Structures are given as structure tokens and as C-alpha cells.
Amino acid sequence: VGFAHNVRRWSEEVPFDEFAFTVVLSSESDGFQTTVFPFMRLVADRNEMGAYNNVASFVLFPSGQGADNMSPLMRRASLACAEGTQLDTFKDAHMPRAYMICTRKADGAAVKVAFWDTDDVDEDDWAAMAYDQNSSECTVRFDYGELMIGHGSSQDYQYHMTLNIMFDRPTGQVLAFCSGIYHSTPDLSGSNMSNEMFLALLHARLDESMRARPLPVSEVGRRILNHEHPTSQTAADD
């Protein structure tokens, strides 16, 4: 269930370069720990995705500050698999979680895109990692992540988001985050959100976050003078 190979991306020309994406991994094994992979470029072009072009709709490659980050959580996952630890035991011991943030470069607006809880770690990928101990590259997959950019759900459909964490087994260094958004209902299984819709939802949620910010008093006054601000909201803004 979830994201499949040979996924449909619709247009690969969607301009995601106006955003930067951050992924935060957390665990609670030795106290609360986080590893942050900040301000990554979203790659949706199949040619740029390289070896991951059949894994997901888009890829985030750690760069800059996050390029050399070693994830203790990924390293512990690798060791646990090598020792034959069951996934439920690992989840109880380490409580792995993740979330993704999108920042719009033009105005600095930022919103959470998705959240993955401990129960979202996929058992099939865990079993594959345990089976293939000779592979230097491994995957921890979060499935059924909560989409937080305002699409919502109805009786007919609901969207969720995946996060495949591709990492180096010996070091725990994250190589790429492969992700995508898909329908969870059986009738629409394998039908994925287009890049165009993803772009529109990001802008809508970022715009909403900017409108929700309290304005400085001087800015409220300027907008009233220019007939850009409803006077009925002045008391609340002040």
C-alpha cells in the first residue's frame, strides 16, 4: 500500500525552486533527539532524480549544513536489523518520528507539510533491510503521513504522504528523502497527487500563514489608509 514504482508525476516542469524544504527526524531512545536537514531543494525532474527516479514523485537531497549529517536514528535502525530486532520492538524503544517543513524563499513564510508518527514506519521495508545485510544503502520508510497543507478529506478520498529515507548503512548518513502524496482509499490506490496540485496547495497554505500573522500597528494603519484592511478587524489587530 502507498507509493509504487513507475509513479505518475504529471508535469515535471513545475517550479518548486521557489521553495526550500526541511526534514526533521526525531527519536526518544536516549532522551529526545533530533537531526535537522534544512533548506533542501525539491527535485521533480526524472533525470535529476538519478537512481531514485522510480521510487517517488520527488526527491530531497541533503545539502549545505545537512549534507554531512549522520542520523543516530538511521544508524540504530541498521544495527537493530542486523541483530534481528523486530520492528515493533524498535519502535517501542526509539519512537521514531519525522516532519517536513516548506519555506517560501520570497517572503520567508513557512508551514509544516506533513508529519509521520511512530506507527507510520513501514514493516515491508524493515523486513527488506533485515534480509539484505550486504547492501550498503538502506531504506526506512514512513507511510501514511498526515498531510498538513489544507487539502483535507471527504467521504470519497483522502491524501497521505510517504517519506522514504535512503541512508548509508555503515554511517547512518542520509543520502536522500524520496517522497510523494497518494490516495489512501482502495478504489483510488496508486493514484497520486499531481505536482501541479501540490504546488497550488503549498502556495495556498503559505499565503494563509502570512495572513494569520499579526500586523504591526503602523502596517495596520497603512492598510486602512490605502483601503486594504477592513476596519472591523482593527481592534483585534491592535
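How do the residues of the lining of the largest cavity divide into nonpolar, polar and charged? They divide into 3 nonpolar, 6 polar and no charged. This is a predicted model, in which local features need pLDDT of at least 70 and side-chain atom pairs count only at pLDDT 80 or more, while totals for chains, interfaces and linings use all residues. Residues are numbered from 1 along each chain as its sequence is written, and side-chain values use heavy atoms, with hydrogens and water left out.

**Cavities**

- The structure holds 3 cavities of 30 Å³ or more, a cavity being a set of points on a 1 Å grid over the protein atoms alone where a 1.4 Å probe fits but cannot get out.
- The largest cavity has about 50 Å³ of space, where a volume is the space filled by probe spheres set on the grid points, joined across faces, edges and corners.
- Its lining (residues with an atom within 4 Å of a point) consists of Leu 25, Ser 26, Ser 27, Gln 33, Thr 34, Thr 35, Ser 71, Pro 72 and Leu 73.
- Strand E1 (19-27), strand E2 (33-40) and helix H2 (72-82) each give two or more residues to this lining; helices (H or I, at least four residues) and strands (E, at least two) are DSSP runs, numbered from the N terminus.
- In the division of the lining, Ala, Val, Leu, Ile, Met, Phe, Trp, Tyr, Cys and Pro count as nonpolar, Asp, Glu, Lys and Arg as charged, and the others, Gly among them, as polar.

**Aromatic pairs**

- The whole structure has 7 aromatic pairs, meaning rings of Phe, Tyr and Trp (its six-membered ring) with centres within 6.5 Å; planes under 30 degrees apart count as stacked, over 60 as edge-to-face and the rest as tilted.
- Phe 37 and Phe 177 form an edge-to-face pair, 5.1 Å centre to centre with 70° between the planes.
- Phe 37 lies in strand E2 and Phe 177 in strand E9 (residues 174-183), so this pair ties together parts 140 residues apart in sequence.
- Phe 37 is buried at 0% relative accessibility, and Phe 177 is buried at 0% (buried is under 20% relative accessible area, exposed over 50%, partly exposed in between, with a 1.4 Å probe and protein chains only).
- Tyr 144 and Tyr 182 are also edge-to-face, with ring centres 6.0 Å apart and planes at 65°.
- This pair links strand E7 (residues 137-147), which holds Tyr 144, to strand E9, which holds Tyr 182, 38 residues apart.
- Tyr 144 is partly exposed at 34%, whereas Tyr 182 is buried at 1%.
- Phe 16, Phe 58 and Phe 198 are linked into a cluster by ring pairs.

**Charge over a ring**

- Lys 112 lies over the face of Tyr 99, 4.6 Å from the ring centre (the cut-offs are NZ of Lys or CZ of Arg within 6 Å of the ring centre and within 35 degrees of the ring normal).

Methods:
1 Å grid on protein atoms, 1.4 Å probe; cavity = no way out; pocket = protein on both sides within 12 Å on 5 of 7 lines; lining within 4 Å.
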